[in-house]
Structures are given as C-alpha cells and as structure tokens.
Amino acid sequence: MKHTKANELIDKSATAIEIVICLIVILGVCSGIPKLIGYIIEILRVEHLQNSYLLMNEFLKHALLLIVGIELIAMIITRSHESILTLILFVIARKMLVYSQGLTDILIGTVSVAIIFAVMKFILSDKTLIAKLDNTFDASMSIEKLNKEYKLNLPTMTHTLGGLIYELADKEKIKEVHENTTIVYGPYVYRILSVDDGVITRIRIEEN
C-alpha cells in the first residue's frame with residue numbers, strides 16, 4: 001500500500017510539472033506567432049529577390065520551431081509513439097533547413113526522414129512487435145492471449161486486459177482511472193498510457 005501511495009504521489013508530481021512545462025511552451029509558441037506574421041509582411045514588402053529568399057528561409061525556420069513546440073506538447077500529453085516520431089521528424093526537418101551545408105547533410109536528413117516514415121508505417125502498425133519492444137498492450141487483448149504468447153502470469157478474473165485494470169483499480173480502492181494511473185498488484189506494475197473518451201486503450205505491464 002505504501003508503495004502504491006508513493007507511486008501515485010510521484011506520478012501526480014510529475015504530471016503537475018509536465019502541465020506547467022506545457023503551459024510555458026504554449027505561451028512561448030503564442031508569443032512567437034506575431035514574429036511569424038512580421039516575416040510575412042516583410043516578405044510581401046521586399047523588392048530584391050535575394051532578400052526575399054533570406055526572409056523566407058528565416059520564416060520557415062521560425063515556423064518549424066513553433067511546430068516543434070506544439071509537437072513537444074502533444075508528446076508530453078499523449079506519450080504515444082506517433083507523437084514522439086512526429087516530433088523527431090520536425091526536428092530533423094528544421095535541422096536540415098537551418099544547418100544543412102551540402103549534399104551530404106541533405107542526404108543524411110532525407111535518409112533519417114525515410115527511416116521515421118518506415119517505422120511509422122511498418123513497426124507502429126504491428127501491435128505484437130510494439131508489445132515486445134516496450135511492454136505496452138492494447139486494453140482489448142485477452143488475458144489468455146497475453147499469458148500464452150507473452151509468458152505473463154496475469155490474473156484471469158476478467159477476459160480482457162482493460163477489464164482486469166478496472167477490477168484491480170476497484171480492489172486497490174482507486175476511485176478514478178486515467179492516463180498515468182499506476183496499479184501495483186502481485187508481480188506486476190500496470191501503467192495506463194492512454195484513455196480515449198473515458199475508456200482505457202493502452203497499458204504498459206512491467207515486473208514489480
């Protein structure tokens with residue numbers, strides 16, 4: 001019980017800090033929008049083509065920086081694989097625009113982007129592979145399948161993993177189940193990673 005309360009306190013503290021960071025980033029993004037508009041006005045007014053190119057380059061760098069800030073917020077809130085990869089994708093795109101000095105840099109950036117797209121298309125769509133990589137599972141997966149295919153020893157009091165989490169939450173007197181809720185029961189620690197419209201969708205299972 002003490003271990004559970006300590007985990008809950010740590011999770012709540014971490015969540016509070018993350019919310020503060022998100023609010024600060026939001027303020028930073030909002031404060032950067034006027035400068036973005038200023039770039040557009042300057043581009044429309046400039047007459048020399050070379051100056052227009054330089055301004056457009058600065059405009060794109062600033063725009064991508066704001067997008068990186070937005071994607072950072074999405075990553076903190078959702079903690080999904082997709083949001084993490086999307087953030088990396090925009091970081092690479094901005095780095096290519098700002099720091100690329102030759103064909104080698106462009107080639108490396110292009111290959112990196114291609115790898116991210118490949119991961120998003122082929123790996124993230126494979127739920128079995130994702131489960132093996134980071135111990136995260138769909139809440140709809142059956143307990144029987146988890147025990148058989150992943151060599152777990154989960155209680156068989158319910159049919160699905162999501163149902164098990166609700167049962168364990170009731171046993172541990174956890175009134176509200178939401179993202180980042182952690183339940184310690186038996187040999188495992190269950191952490192809820194995502195909730196959609198009040199329904200648990202993804203859970204991480206780790207050894208206690």
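With a relative accessible area of 18%, T86 is buried (buried means under 20% relative accessible area, exposed over 50% and partly exposed in between, using a 1.4 Å probe and protein chains only). This is a predicted model, so local features need pLDDT of at least 70 and side-chain atom pairs count only at pLDDT 80 or more, while totals for chains, interfaces and linings use all residues. Residues are numbered from 1 along each chain as its sequence is written, and side-chain values use heavy atoms, with hydrogens and water left out.

T86 sits in helix α3; helices (H or I, at least four residues) and strands (E, at least two) are DSSP runs, numbered from the N terminus. Setting aside neighbours within four places in sequence, T86 touches E71 and M120, where contact means heavy atoms within 4.5 Å. The helix itself covers residues 81-99, 19 residues in total, and spans 27 Å from its first C-alpha to its last. That is close to the 27 Å expected at 1.5 Å a residue, the expected span being 1.5 Å times one less than the number of residues.

Turning to the strands, four of them make an open sheet in the order β1-β4-β3-β2, with antiparallel pairing (two strands pair if DSSP finds at least two bridges between them). β1 and β2 are the edge strands, each pairing on one side only. From one strand to the next, the twist averages 30 degrees. Helix α7 packs on this sheet and touches β1, β2, β3 and β4, and its direction makes about 75 degrees with that of β4. For these angles, axes are lines fitted to C-alpha atoms, for helices over the stretch in contact, and values run from 0 to 180 degrees between N-to-C directions.

Within the sheet, β2 (residues 182-185) and β3 (residues 188-196) run antiparallel and are joined by four bridges. V184 has V189 in β3 as its bridge partner. The β2-β3 hairpin has two residues between the strands, and G186 there takes a positive phi near 65 degrees. On to the next pair: β3 and β4 (residues 199-207) are antiparallel as well, over eight bridges. Here Y188 stands opposite E207 in β4. The hairpin of β3 and β4 also has two residues between the strands, with D197 taking a positive phi near 55 degrees.

What about the aromatic side chains? A search of the whole structure turns up two aromatic pairs. Rings of Phe, Tyr and Trp (its six-membered ring) count as a pair if their centres lie within 6.5 Å, and planes under 30 degrees apart are stacked, over 60 edge-to-face and the rest tilted. F137 and Y150 have ring centres 5.1 Å apart and planes at 80 degrees, so they are edge-to-face. This pair links distant parts of the chain, 13 residues apart: F137 is in strand β1 (residues 136-138), and Y150 is in the loop between α6 (143-149) and α7 (161-171). F137 is buried at 3% relative accessibility, and Y150 is buried at 14%. Y188 and Y190 form an edge-to-face pair as well, at 6.3 Å centre to centre and 65 degrees between the planes. Y188 counts as buried at 9% relative accessibility, and Y190 is buried at 1%.

Finally, the charged side chains. The structure holds two salt bridges, a salt bridge being a side-chain nitrogen of Lys or Arg within 4 Å of a carboxyl oxygen of Asp or Glu. In one, the side chains of R202 and D138 meet at 2.5 Å, N to O. That bridge joins distant parts of the chain, since R202 is in strand β4 and D138 in strand β1, 64 residues apart. R202 is buried at 15% relative accessibility, and D138 is buried at 13%. E58 and K61 also meet in a salt bridge, at 2.8 Å, N to O. Both E58 and K61 lie in helix α2, three residues apart, or about one turn of the helix. E58 is partly exposed at 32% relative accessibility, whereas K61 is buried, with a relative accessible area of 15%.
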